[in-house]
Amino acid sequence: MPTIVEVKDLKAYYHTHAYGVQRTVKAVDGITLNIPEGQVYGIAGESGCGKSTLLKVLLGAHKPPLYVVDGSVRYLFDDAQIATLSLDENTLRELRWKQVSYIPQGSMHVLNPVRRIEDIFHDFVAAHQQVSKAESTQLTRTYLRELGLPEKVMAAYPHQLSGGMRQRVTIALATILSPKLIFADEPTTALDVIVQRGVIQILKEIKRREGSTFVLITHDLGVHANLADRIAVLYAGKLVEEADSRTILKKPLHPYTKFLIQSLPRLDDRSTRVSIPGRPPALDNPPDGCRFHPRCPLAVDKCRTVDPAMVAIQPGHRVACHVVTEATEEVRHAATA
Amino acid sequence: MTLLKEFILPRLLQWLLVIFIGVTITFLIPRVSPVNPIDQALSRLTAFQNLSPEATIALRASIEDLYGLQGSIFEQYIAFWKRILRGDLGPSFTSFPMMVNDIIRKSIGWTIGLLGTCVVIAWLLGLILGTLASYYRNRWWSRFLENSLITVYPIPYYILAFVLLMLFAYYFPIFPLVGGGRGTPGLTWTYIRTVIQHATLPALSIIIGATAFRFIMAKALTSGEIASDYVQYAELAALPKRKIIFSYIMRNTMLPQVTDLGLSLGAIFEGALITEVVFSYPGIGSSLYNAIISADYNMIMGITLLSIVGIATASLLVDLSYPFFDPRVRYR
Ligand SMILES: Nc1ncnc2c1ncn2[C@@H]1O[C@H](COP(=O)(O)OP(=O)(O)O)[C@@H](O)[C@H]1O
Ligand code: SF4
Ligand SMILES: [Mg+2]
């Protein structure tokens, strides 16, 4: 599977100062990953762990107080390799919507309240290709029909649509120009379960039609189980585990991932739900060593001082945990001895 | 039908109620005031001649009759309404036998022409400049505009007006000192030119302050819009700047801006006072000023009623136009 986005040792910090106090929030702190083309790449983790921040940088949409401190992001398209972080505004504008698109978090409010849906679609389409109003309306009508959305939303104002419908309209708005790469930030959060199902359905449909690559952020592993091909788990600004979604869901190795999976509601047995003790650290002053050690039941001395590196335990399965790494090495030693 | 019944009708009723209350108060105030307008009129008439007591009583009766001050207060009130509904505001006390109606008719055009135009120009200027300056807030011209307008804004109006008058009518007599126009009124270029010349200084004095106010308001409203999710998203999707500024930002500030424009337009009859007195402009404001210093009650009442109707009507129109500017305001 060829890579379409390559992220190397990315560090992005918020530098804020209020009332003379300087604060640095290390929201993304040394992340390396490759996003394979044509798949749904899920990014999981509790809220506040840096998912949205990572996505903004991947989009090249970061602005002060968020600064990229180190590392690189490259888009590896068939026809071009693009170093995203050093793009000028014009190239970025060229990329947006036609090649790279974005479904933002909290997309309840991204539709201009005083414009009809069809006018909003026209604005977004006409910004990227030469179309008349009639042509963009036709394009919109066809696309909405293909996604199974009712035609009458076109003449409506955003406030006249239900939350779930607004979300699906926003997804259609972000994907109408068939971008290669779609970043979606919590597209199902704040929707009730039935509406969520509709949104998931529409995302699947878009993926099936266009073969687009999705980068899907959600703290909800249930949604990942439904959509994602691969899952990366983030904790406190760092990647802790990455594998195909089957492995993450069935055989997670990192203690944090295990907690996440165990805390999922299960149909068969309600009593085994475990919630993770403690709370995620503040990112302006994260703990030394493994950032998970204050909450980790397996923590050893080394965890308090040494930051564990991401290690490929198996091909396509990386974990950042001292205990896991050592256990695997022992197994290997035993096998070779 | 529901539109008429649920949206328009209640607002029309409200408009009628406001005018009814306004008229009633206008009727009552001079009648509870310790100064008796009849005595004042009489003393003016008798200041230079001696009248016998009988003649004074006869004169008093005829004045009361003329000014609708006969009978019980309730009878007077009914008579007052009858006259108003006929559109008859009675004679002016001081310019007797000129009717208040005629005086207002002569001066209202000047006021609406000058102040109405200025309010609209200042609204457009302030709105556009304020929005642009807020959107491009780091450009040099944006800072320059903001600093100059914020400096101008707190200057009291009468000082600004006097400075303009002294500078451009007295020291550098570019513009005329008094009046509204020169020559025979008509649609001739020579006459219109004198009208524009006469209107320039008073117009400037109003536009400067009003633009500064509107600029500050537009800037505040715009900065809220710029931070909104839909503007941020439009930026991210690389919509053209022009589209973002006009359809995504300015369009969303229209509701408060149009409200304020409507109310400013409704209030021009009071606003006219200082401007017209300072620049000796022949509009409603000058008439009101003359009426006040000479205790011309009918005239004062006439202009007060005009203001009440003006403001009530403006807010009615603003109210009715809301759904047009913001689809979220339902016809309810
Ligand atoms: N504008 C900002 N200024 C300062 N800190 C921020 C800002 N936005 C987010 N953060 C901090 O960055 C961290 C990561 O936030 P975010 O990327 O939104 O997490 P997630 O999307 O996983 O919930 C959080 O600790 C949050 O408080
Ligand atoms: S490195 Fe140590 S603290 Fe961190 S997850 Fe592994 S065992 Fe727990
Ligand atoms: Mg987030």
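In this predicted model, A:Asp9 is found in strand 1 of chain A. The phi angle of A:Asp9 is positive, at about 45 degrees, although the residue is not a glycine. A:Asp9 has a relative accessibility of 36% and therefore counts as partly exposed, since that class lies between the 20% limit for buried and the 50% limit for exposed residues.

Helix 1 of chain A gives the largest share, with three residues. In total, 13 residues surround the ligand, and the closest are A:Gly48, A:Gly50, A:Lys51, A:Ser52 and A:Thr53. By residue class, the shell around ligand 1 comprises five nonpolar, six polar and two charged residues.

In the side chain of A:Ser52, an N or O atom is 2.7 Å from an oxygen atom of ligand 1. For A:Lys51, the atom concerned belongs to the backbone: an N or O atom there lies 2.9 Å from a ligand oxygen. A nitrogen atom of ligand 1 lies 3.3 Å from a polar side-chain atom of A:Tyr14. Taken on its own, ligand 1 has 560 Å² of accessible area, and the protein covers 67% of this area.

A further backbone feature of chain A is the cis peptide bond that joins A:Pro64 and A:Pro65, with omega at about 10 degrees. A:Pro65 lies in the loop that runs between helix 1 and strand 4 (66-76) of chain A. Elsewhere in chain A, A:Ser245 is found in helix 8, which covers residues 245-250. A:Ser245 is classed as buried because its relative accessible area is 10%, and buried means under 20%. Apart from residues up to four places away in sequence, A:Ser245 touches A:Ala228, A:Asp229, A:Arg230 and A:Ile231.

The size of an interface is often given as the accessible area lost when the parts come together. Between chain A and chain B, the buried area is about 2000 Å². Carbon and sulfur atoms give 63% of that area. The contact involves 28 residues of chain A and 21 residues of chain B. On the chain A side, A:Arg93, A:Pro113 and A:Val114 lose the most area to chain B, and together they account for 27% of what this side buries.

In chain B, a positive phi of about 45 degrees occurs at B:Ser280, which is not a glycine. B:Ser280 is found in the loop between helix 12 (268-278) and helix 13 (284-293) of chain B. The relative accessible area of B:Ser280 is 33%, so this residue is partly exposed.

Another loop of chain B, between helix 7 (157-171) and helix 8 (189-226), holds B:Gly186. B:Gly186 counts as partly exposed because its relative accessibility is 34%. Not counting residues up to four places away in sequence, B:Gly186 touches B:Tyr191 and B:Ile192. B:Thr151 is 35 residues from B:Gly186 along the chain, and the C-alpha atoms of the two are separated by 41 Å.

How values were computed: Residues numbered from 1 in each chain as written. Chains lettered and ligands numbered in written order. Predicted model: local features only at pLDDT ≥ 70, side-chain atom pairs only at ≥ 80, totals over all residues. Heavy atoms only, no water. Near = heavy atom within 4 Å. Polar contact = N/O pair within 3.5 Å; in protein donor to acceptor, adjacent residues only side chain to side chain. Areas by Shrake-Rupley, 256 points an atom, 1.4 Å probe, with all protein chains shown as cover. Helix = DSSP H or I, 4+ residues; strand = E, 2+ residues; numbered from the N terminus. Nonpolar A, V, L, I, M, F, W, Y, C, P; charged D, E, K, R; others polar. Buried < 20%, exposed > 50% of the residue type's maximum accessible area, 1.4 Å probe, protein only. Contact = heavy atoms within 4.5 Å. Buried area = accessible area lost by both parts, 1.4 Å probe.
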